[in-house]
Amino acid sequence: MLSSLNLIRRKVLSSSSKRVSRGMATILNSEPYMVMVKFDIKEHYLDRFIEGAVADGVGSVLTEEGCRRFDVVQDLKDHTKFAFTEAYDNKEAFEHHVTTHHFLKFHRATRPTQVSEPVVSFCRVLFPANGNFDSYVEGKDNEMGFGTHHIRHSGQHIQSDYLAEYLSVVMAEAGEATKETSCLRFDVYQNLEVPNEIYTYEVYEDVEAYNQHQQTSTAEARAKKTQEWGKAGGAGELVGRNIWPPNCWNFSSEL
């Protein structure tokens, strides 16, 4: 698979006239347009889906001005489940994304691999208020291979009467998590179409860092309130590792 990933990188870079220059265009406010996606893939199509997803991620970040990150995560326990976390400058940048050659190729190639329609949520950022959403790192274009970060991609529907209180609990956890040296990012998003669906996107250096965080008082408080105030219908939780981008790209929300 690694040789296939390197081939994908070369094809994407050679097919674009030039790589987008990022410069100092890092998103510095809470306006990025977040797209959270979950897939359920047929077992015998895993390699095909992974290659298509990575190609779409490479093409999106390296050739689209408005795409800041395109993280592909594979569930550690059920390898047929995947999640995307995509960050765009705005809704218009995402609308451009779905017209690109790499997206259309991904869509055509992976439709037969899917058990069901993907779950897609369009979100706004609640935390961090000012954060770094760029994943690209200058000089790391040639780096490929699966990553080892431990990532939690979680979407929960919360009863409307408890939404404000639940958000205060989640935001408290996020604030404390960002003080942990092994927590690279802890983002909180809100579904724009279903406001009582709250996402967290958490990236830890490894499983040990993730397990340590789960033992904190703020993590335990959120878990308890999710059980008390949660309702059916949310996107659910996926805990896995980064298939794309590799560890040497940026996962931190620090500016």
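I started at strand 2 and strand 3, which run antiparallel and are joined by 7 bridges. My rule for pairing is that DSSP finds at least two bridges between two strands. Strands (E, at least two residues) and helices (H or I, at least four) are DSSP runs, numbered from the N terminus. A note to myself on provenance: this is a predicted model, where local features need pLDDT of at least 70 and side-chain atom pairs count only at pLDDT 80 or more, while totals for chains, interfaces and linings use all residues. Residues are numbered from 1 along each chain as its sequence is written, and side-chain values use heavy atoms, with hydrogens and water left out.

**Entry: the sheet**

I looked up how strand 2 connects to strand 3 and found a hairpin through 5 residues. Val 73 has Ala 83 as its bridge partner in strand 3, and Val 73 also stands opposite Asn 242 in strand 8. Strand 2 and strand 8 pair in the antiparallel sense, over 4 bridges.

Is strand 2 enclosed or open? I find 9 of its 9 residues buried, so strand 2 is largely enclosed by the rest of the structure. Buried here means under 20% relative accessible area, exposed over 50%, and partly exposed in between (1.4 Å probe, protein chains only).

Next I checked strand 1 (33–40). It pairs with strand 3 in the antiparallel sense over 8 bridges, and Lys 38 stands opposite Ala 83 there.

**Entry: the cores**

I then asked which residues have the most contacts inside the largest nonpolar core. They are Phe 39, Phe 49, Phe 84 and Tyr 88, in a core of 28 residues. A nonpolar core is a set of buried Ala, Val, Leu, Ile, Met, Phe, Trp, Tyr and Cys residues joined through side-chain atoms within 4.5 Å. Elements giving two or more residues to this core include strand 1, strand 2, strand 3 and strand 8. Helix 2 gives the most, with 8 residues.

In helix 6 (residues 207–214), I find Ala 209, Tyr 210 and His 213 buried. They cover an arc of only 100° around the axis, which puts them on the same side of helix 6; the arc is that of the directions from the helix axis to the C-beta atoms. Asp 206 caps the N-terminal end, with a side-chain oxygen 3.3 Å from the backbone nitrogen of Glu 208.

In helix 7 the buried residues are Thr 218, Ala 219, Arg 222, Thr 226 and Trp 229. They fall within an arc of 115° seen down the axis, so they line one face of helix 7. Ser 217 and Gln 227 are exposed on the other side. What covers the buried residues of helix 7 includes helix 5, helix 6 and strand 8.

Methods: A polar contact is a pair of N or O atoms within 3.5 Å; within protein, one must be able to donate a hydrogen and the other to accept it, and residues adjacent in sequence count only if both atoms are side-chain atoms. Contact means heavy atoms within 4.5 Å.
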